[in-house]
Amino acid sequence: MITSTAGLDDVGVAIAAARAGAEAVRARYGQRLTRIDKGAGDFATDADVAAEQAILDVIRAARPDDAVHGEEGGQRGAADAGRQWWVDPLCGTLNYAVGSMLVAVNVALRDGPAAVADPFSGEVFFTDGATARVRRDGSDTRLTPTAANRLVDVNLDPPFPSAPGFRAVDLLAHPGFVARFRPRVVSTTLALAWVAAGKRAAYVTDGGDLTESVHFAAGIALCRAAGCVVTGVDGAPVGQTDGQSGRGLLVAADAGTHALLLSMIRAEASATTS
């Protein structure tokens with residue numbers, strides 16, 4: 001439990017908040033959960049709500065004037081505030097609800113530090129905006145992306161806004177993908193942290209501009225700071241302010257892997273629309 005936030009800089013707040021959320025998630029693991037229906041097959045649990053509250057308590061104690069947007073509680077403070085935190089207290093709720101430990105706690109300050117906590121490994125992946133590190137057993141190690149593992153995590157969860165031009169499932173059947181990579185489906189943005197950490201070669205998901213999404217903001221910040229190549233699945237830069245931001249995410253450990261996957265995505269899109 002976080003007892004004091006005095007003197008913490010922003011990266012310290014992000015880490016402390018993510019760890020507080022992770023403690024709440026871990027404490028409720030295996031217990032009977034109350035489900036909160038969100039419609040369209042989506043739901044939250046009382047663990048999501050408790051984790052978000054734990055995160056909010058840390059941010060409010062350290063930065064009482066900051067705005068916060070949480071997945072469960074929505075917007076607190078002005079949406080256009082200069083300092084805005086994005087909070088995803090339990091990414092991988094369905095995994096968690098069925099007893100899988102593949103989940104993440106995401107906390108990110110707009111244009112600033114971010115942290116992704118794994119409640120069960122005890123790891124906290126974090127960035128100060130310039131470098132990316134993992135804190136494990138009290139020791140910090142710099143993250144080093146690598147595509148040597150050839151594992152590509154693909155998000156297959158709906159919605160699929162780019163279909164039929166792009167469908168993630170089609171990428172998995174591309175002959176070039178089968179020859180070069182091996183697919184994984186973790187179903188949580190913990191996989192984004194794993195790209196930064198060298199545990200995945202790449203991560204692919206459909207969607208719109210995800211840079212201000214509570215689900216993806218922390219992972220994107222982490223991957224950028226680690227030196228990964230981050231674009232949309234269309235190859236366009238993400239987070240653009242001119243309305244031309246990339247769709248979804250294609251995050252790769254290196255430029256060669258990114259170029260190869262992008263060529264496969266474009267080939268599948270061309271074949272679908274021709």
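Two strands count as paired here if DSSP finds at least two bridges between them. Keep that in mind as you click around; what you have open is a predicted model.

**Start with the pair β3 and β5.** Select residues 67-70 for β3 and 84-91 for β5. These two strands run parallel and are joined by four bridges. Zoom in on Ala 67: across from it, in β5, stands Gln 84.

**Stay on β5 and look to its other partner.** β5 and β6 run antiparallel, with five bridges between them. Here Trp 85 faces Leu 109 of β6. Is β5 covered or open? Mostly covered: eight of its eight residues are buried.

Eight strands make up an open sheet with mixed pairing, and you can walk across it in the order β4-β3-β5-β6-β7-β8-β9-β10. At the edges you'll find β4 (74-76) and β10 (139-142), each pairing on one side only. On average, neighbouring strands of this sheet are turned by 15 degrees against each other, ignoring direction.

**Hop along to β8 and β9.** Pick residues 124-127 and 132-136: four bridges hold this antiparallel pair together. Phe 126 is the one to click, with Arg 133 opposite in β9.

**Finish with the helices.** Then select 46-62 for α2, lying across β3, β4, β5 and β6. Helix α2 runs at about 150 degrees to β5.

How values were computed:
Residues are numbered from 1 along each chain as its sequence is written. This is a predicted model: local features need pLDDT of at least 70, side-chain atom pairs count only at pLDDT 80 or more; totals for chains, interfaces and linings use all residues. Side-chain values use heavy atoms; hydrogens and water are left out. Axes are lines fitted to C-alpha atoms, for helices over the stretch in contact, and angles run from 0 to 180 degrees between N-to-C directions. Contact means heavy atoms within 4.5 Å. Buried means under 20% relative accessible area, exposed over 50%, partly exposed in between (1.4 Å probe, protein chains only).
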